[in-house]
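Subject: Structure handover

Hello,

Here is the structure for your files. Please open it beside this note and follow along.

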Amino acid sequence: MEKGLNKIIKNDYSFAGIFKRSVTVERINDSPYETEEEVSVYLDGKLKLCTKLNVFSIDGLIPDTEYSIRIGDVEKKFITKHESFLLDVKTFGAKGDGVSDDTSAIQAAILACPYAGTVLFSKGKYNIKPIFLKGDMTIWLEEGAELVGSPRRGDYPILPGMIRNSYSSKVEYNISSWEGNPLDSFASLITAIGVKNLDIVGPGVINGNADSPQADWWINEKTKNVAWRPKTIFFNNCEHVRMQNITVKNSPSWTIHPYYSNEMAFMNVSIFNPDNSPNTDGIDPESCSNFSLLGLRISVGDDCLAIKSGKLYMAQSHFKRTSHAKISNCLFERGHGSITFGSETACGVDNIIVEKCIFDNTDRGIRIKNRRGRGNKAYIDGINVSNIIMRNVLMPFTCNMFYFCDPDGHSDYVQNQGYTPVDERTPKIGHISFRHIHCTGVDACIVCAYGLPESPIEELKFEHITAEFLPKKEQHKVLPIMMDNFDEMAGKSFYLHNVKKLIMRDVNVIGSSDKEPEMISVKEKKLDNLRYC
């Protein structure tokens, strides 16, 4: 295991999610994502699997049944959830032959499903156009079941961004969204609006099919073509939704988009998009609260996890902060950022815990993006990141208050590095904490943080950090943060500009080109045991 992190390995575990026909288990230890040694997992006394993963799922269970799981000398019991009826989509006419259009049969099964029922996709390839889900039910994709999205743009209905009430223009119904604004978008392959108590479980596959030669979603991706591109899965105004042990791949744009939703859990979900696929973020929780991401594996063409809360109009008219989330035991691979905050954060983000994760070969580790114009409710605060391994992450920590997105992104208002009077458009970044993090293969810089002169970053805390650079001959000059009039970096340890308070405690820097932090307009500094080797 990577040195510098204290690993305590136990056989203890908890039930992260109990479903009708499956269960997700989380092992309790201090090892990010996985352990070096496999553990044997016994179900009712019989060996079920051997795994290194801290989070795993067991399927093939029977509803309303008691089971016991034993890991080492620890045995615990659980009872699967109640299931009223099981509806196989093939009995509704779905073929699953990879040729037929199964949309109508599947939609009929979903609409016919009774309270606490399950809609089953048995082994097969189901060609579908967009389908819409309802609540109080389970969608179950068996091993070998795959939903494949139509590659034809004309098969996707358009969801209006905003509809106004017939009697009052001030009453609005927000159906769709594109990059933080209520704009018309093509319906996602799977959409749930106003749904409660929904489970989507695997181990099957949901394939957005954007890599098909017949699809054009990734061509001229910044240009609106009738409507904006669909996501693969869209949850709008939903509550108590869980996804477990599903693989989602080849998304037209963002893969899973929880939007204005509460009480959501994603367990053992795998997301794979090609590394050159544009804007194919893994998961984008936007204006959501009380959600968890546990045991995920994400490898995509953009940010793996992007936490958002809309642009200025949504903050002014439909304010909802993104808050109270836990991200644990996940593996984030490739992509621009492992975990990103922003840039659409006009409603603010707070109380986010990130722990026991591995970041592997992403451009940036923790990436915070904000800019003037997001508004004074755009307050990013209470971000606590701990027990993380970063492998070949070029820039482990970046915080940018000059992010040059949107049509006005390169304007003087957004990019002026001088003082601009504080008004209702001025965003803020509060307290950000990083603890017990081990980084290898650093390239451009360890930390690049640039606050606004009129709204400095309130506090950055780095404790028990070890960061080792690539050999100098392998380092490349890279622009660490996307802003104008800023130099590329290579081998830079710390660059901090416009920060109220900086705390560094027990920080080890190995192989950097410099031997001390560069700090400009950092008001209060507490550097304790900062070492360069």
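Start with the largest cavity: by class, its lining has three nonpolar, five polar and five charged residues. (Nonpolar covers Ala, Val, Leu, Ile, Met, Phe, Trp, Tyr, Cys and Pro; charged covers Asp, Glu, Lys and Arg; the others, Gly among them, are polar.)

This is a predicted model: local features need pLDDT of at least 70, side-chain atom pairs need 80 or more, and totals for chains, interfaces and linings use all residues. Numbering runs from 1 along each chain as its sequence is written, and side-chain values use heavy atoms, without hydrogens or water.

**Cavities**

How many cavities of 30 Å³ or more does the structure hold? There are five. (A cavity is a set of points on a 1 Å grid where a 1.4 Å probe fits but cannot get out; lining residues have an atom within 4 Å of a point. Points join across faces, edges and corners, and volume is the space filled by probe spheres on them.)

The largest cavity has a volume of about 100 Å³. Its lining holds 13 residues. Arg21, Ser22, Thr138, Trp140 and Val201 lie nearest the centre. Two elements give two or more residues to this lining: strand S13 (137-141) and strand S20 (196-201). (Strands are DSSP runs of E, at least two residues, numbered from the N terminus.)

The second largest cavity has a volume of about 60 Å³. What is the class make-up of its lining? Nine residues are nonpolar, one is polar and none is charged. The lining includes Ile368, Phe397, Thr398, Cys399 and Phe434. Val447, Cys448, Ala449, Leu460 and Phe462 also belong to it. Three strands each supply at least two of the lining residues: S37 (395-400), S40 (445-450) and S41 (457-469).

**From S20 into its neighbours**

Strand S20 also has a pairing to look at. S20 runs parallel to strand S23 (residues 239-244), and five bridges join the two. (Strands pair if DSSP finds at least two bridges between them.) Val201, listed above among the residues nearest the centre of the largest cavity, has Gln244 in S23 as its bridge partner. Now move on from S23. It is joined in parallel to strand S26 (residues 262-267), again over five bridges. Here Glu239 has Asn262 in S26 as its bridge partner.

Pro203 sits in the loop between S20 and strand S21 (205-207).

**Two open sheets**

Two bridges hold S12 and strand S19 (residues 190-193) in a parallel pairing. Ile131 stands opposite Ile190 in S19.

Another open sheet also has four strands, in the order S4-S3-S6-S7. Is the pairing here parallel or antiparallel? It is antiparallel. Strand S4 (46-53) and strand S7 (74-79) stand at the edges. Each has a single partner strand, so one side of each is left without a neighbour in the sheet. Within this sheet, strand S3 (residues 34-43) and strand S6 (residues 66-71) pair antiparallel over three bridges. Tyr42 has Arg70 in S6 as its bridge partner.

**Backbone points to check**

Most residues other than glycine have a negative phi, and most peptide bonds are trans. Ser343 lies in the loop between strand S33 (337-341) and strand S34 (349-360).

Two residues have a positive phi without being glycine. Arg334 is one, with phi near 50°. It belongs to strand S32 (residues 331-334). Is Arg334 buried, exposed or partly exposed? At 28% relative accessibility, it counts as partly exposed. (Buried is under 20% relative accessible area, exposed over 50%, partly exposed in between, with a 1.4 Å probe and protein chains only.)

His436 is another, with a positive phi of about 50°. It lies in strand S39 (residues 431-442). His436 has 30% relative accessibility, so it also counts as partly exposed.

Best wishes

Key. On a 1 Å grid over the protein atoms alone, a cavity is a set of points where a 1.4 Å probe fits but cannot get out, and a pocket is an open set with protein on both sides within 12 Å along at least five of seven lines; lining residues have an atom within 4 Å of a point.
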